[in-house]
Amino acid sequence: MSDVYVVGVDMIKFGRFPERSVPNIGAEAALMALDDAGLSIKDMQAMYCGNLGQANAMVGQRILQEIGQTGMPVVNVANACATGATAFREAWMSIKAGMYDVVLAVGVEQMGKGLLGGAGNSDGIPKEGLLGSGTMPCVFAEAGMEHAKEHGTTFEQFAKISVKNHHHSTMNPKAMYQIETPLDDVMNAEMISYPNTKLMCSVNVDGSAAAILVSEKKAKELGMARAVKVRASAMASDPYTDRDLVMPDVNACTRLAAKDAYEQAGVGPEDINLVELHDCFATAEMLHYENLGLCKDGDAGKMIDEGHVELGGRVPVNVSGGLLSKGHPLGATGIANIYEICTHLRGEAGKRQVEGAKIGMTHVIGLGTACGIHILEKNS
Amino acid sequence: MWRNVTESRPLPVVDYLKIPEKGEPYLEGYRCKKCGAIFLGERNVCSKCFARNEMEVIKLSDYGKLHSFAIVYRSFPGIDVPYVSAIVDLEGGGTIKGNLINIDPDPDKIKFDMPVKLTYGDALGRKDKEGNSYLSYFFEPA
Ligand SMILES: [Zn+2]
């Protein structure tokens, strides 16, 4: 099987674009990725497009209606917050399978404002606030409190994650926000679901990201200077755990995918130079330090207290600003993460550059549950 | 003269809440005879061990302990906040989610593993389109 390389990747600056259409937002990133690769839409042999909000409305084909209707096969995918990673992974698989040499993956989302999740059932009466809360800030607060129960993790430690990611985003011009949020501001912000305050919740934004994946043969033809090798592409659904039918389990699923990813890549957590992981809430990021093996179980609090996950630390996490400050356009997030890692591996990340980065990891998780992990390596 | 007496009984808020003609309401679980996994709601196949047609119907306990929680300050419009959203492990197995009531919504007052008891009561006055009342369950400190 051929190795797979990313030769073009980009994302738009995340923001709010209510006046634009979903395909129009996606088309912009697709064109940027093509330009980054120095390729034309005519060179693409297939397209995988990730979007949630219009999952039944042929977003991929509508993007091509804006940028070039070549007749190539298009597959639209939806997989909750793992949607973008799924589109990327399907593109990777199609090259692995030997079907194609050059494939386009796009992720795009246009978000409404307000709370995600927990919409009432159509029959009977609404259950929100009656049988607990199905809102995402609450679901991830409950997951964080489980960690607090087992390891004594504090509200302040969770809040520090948000301080870190907001700080990182001040160095990322493509993030939604570039504002410092000191610890007091984070802890005293409006409480949404304890222990997640408003500044500990990801930002609903519109956005898109795209990548051009190619076979090794094609990469050599195009020139390897900026090519990034995909060392692993792993995906897992939630294995049975005792509570997962009432408490979505983001831990078991991530551990399963991480194990697979490390095995595929033949590397361990100690080899990873930076990580973009799914900080949909500050409480979630804490869990994934352990789930991804970046530290021992129970040491996640220390990771943030001792600065190991900051830019300049042992394994910087979410130097893009993460979903907390860069923003979280659901279907685009999984490819925007890949853009961030590739940018560091190419040495093009400017002020937030992780010096000497050779291997990076992306992680997304969509409740329901889907976990996607990619390990990417600088071409040497 | 014959008179139609329709006593208006509340409907269960979820299908695993059972309201017997006589006696107290309770929660019903489906337990896999092969592996012991407990599920809420009727099913024939076990998603843990994949056994088919090995499910038995059980009555879940009204007692348990608090596994995890969150204090909800922002919910959908019209819903009273703050309230405690709680995950409870029941004695004898099964985990359910609901509101923890009769406790201050204060993280210092709510203790992990604290014993809780199920209570049953009207679903906070919520009615469906036909005007039916519902019976729900809640947790309170035991
Ligand atoms: Zn079973």
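Colleague: How many salt bridges are there between chain B and chain A?

Modeller: A salt bridge is counted when a side-chain nitrogen of Lys or Arg is within 4 Å of a carboxyl oxygen of Asp or Glu. One of them joins the side chains of R243(A) and D89(B), with 2.7 Å from N to O. Between chain B and chain A, the count is four.

Colleague: On what basis are such values given?

Modeller: This is a predicted model, in which local features need pLDDT of at least 70 and side-chain atom pairs count only at pLDDT 80 or more, while totals for chains, interfaces and linings use all residues. Residues are numbered from 1 along each chain as its sequence is written, chains are lettered from A and ligands numbered from 1 in the order in which they are written, and side-chain values use heavy atoms, with hydrogens and water left out.

Colleague: What area do chain B and chain A bury between them?

Modeller: The size of an interface is often given as the accessible area lost when the parts come together. Here that loss is taken with a 1.4 Å probe and summed over both parts. In terms of contact (heavy atoms within 4.5 Å), 44 residues of chain B meet 36 residues of chain A. Carbon and sulfur atoms carry 63% of the buried area, which is about 3300 Å².

Colleague: How many residue pairs are in polar contact between chain B and chain A?

Modeller: A polar contact is a pair of N or O atoms within 3.5 Å; within protein, one must be able to donate a hydrogen and the other to accept it, and residues adjacent in sequence count only if both atoms are side-chain atoms. With both residues at pLDDT 80 or more, the number of pairs between the two chains is 22.

Colleague: Which element gives the most to the side of chain B that touches chain A?

Modeller: Elements are DSSP runs numbered from the N terminus: helices (H or I) of at least four residues and strands (E) of at least two. Those of chain B that give two or more residues to this side are β4 (38-40), β6 (63-72), β7 (83-90), β8 (95-100), β9 (115-127) and β10 (133-141). With seven residues, the element that gives the most is β6(B).

Colleague: Which residue is the bridge partner of Y194(A) in β6(B)?

Modeller: Two strands pair if DSSP finds at least two bridges between them. Strand β5 of chain A (residues 191-194) and β6(B) pair in the antiparallel sense over two bridges. The partner of Y194(A) is I71(B).

Colleague: Which residue of β8(B) does D89(B) stand opposite?

Modeller: β7(B) pairs antiparallel with β6(B) over eight bridges, and there D89(B) is the bridge partner of K65(B). Six bridges join β7(B) to β8(B), also in an antiparallel arrangement. In β8(B), the residue opposite D89(B) is T95(B).

Colleague: Why is β7(B) largely enclosed by the rest of the structure, and how many of its residues are buried?

Modeller: In a regular strand the side chains alternate between the two faces of the sheet. Both faces of β7(B) are covered, with Y83(B), S85(B), I87(B) and D89(B) on one side and V84(B), A86(B), V88(B) and L90(B) on the other. Buried means under 20% relative accessible area, exposed over 50%, and partly exposed in between (1.4 Å probe, protein chains only). The strand is largely enclosed because its buried residues number eight of the eight.

Colleague: Is F50(B) buried or exposed?

Modeller: F50(B) lies in the loop between β4 and β5 (55-59) of chain B, and its phi is near 70 degrees, a positive value in a residue other than glycine. Because its relative accessibility is 63%, F50(B) counts as exposed.

Colleague: Which residue in the turn between β10(A) and β11(A) has a positive phi?

Modeller: β10(A) and β11(A) pair in the antiparallel sense over eight bridges, and I375(A) in β11(A) is the bridge partner of M361(A). The two strands form a hairpin with three residues between them. A cis peptide bond, with omega about 15 degrees, joins G368(A) and T369(A). The turn residue with positive phi, about 140 degrees, is G368(A).

Methods: Buried area is the accessible area (1.4 Å probe) that two parts lose on being put together, summed over both.
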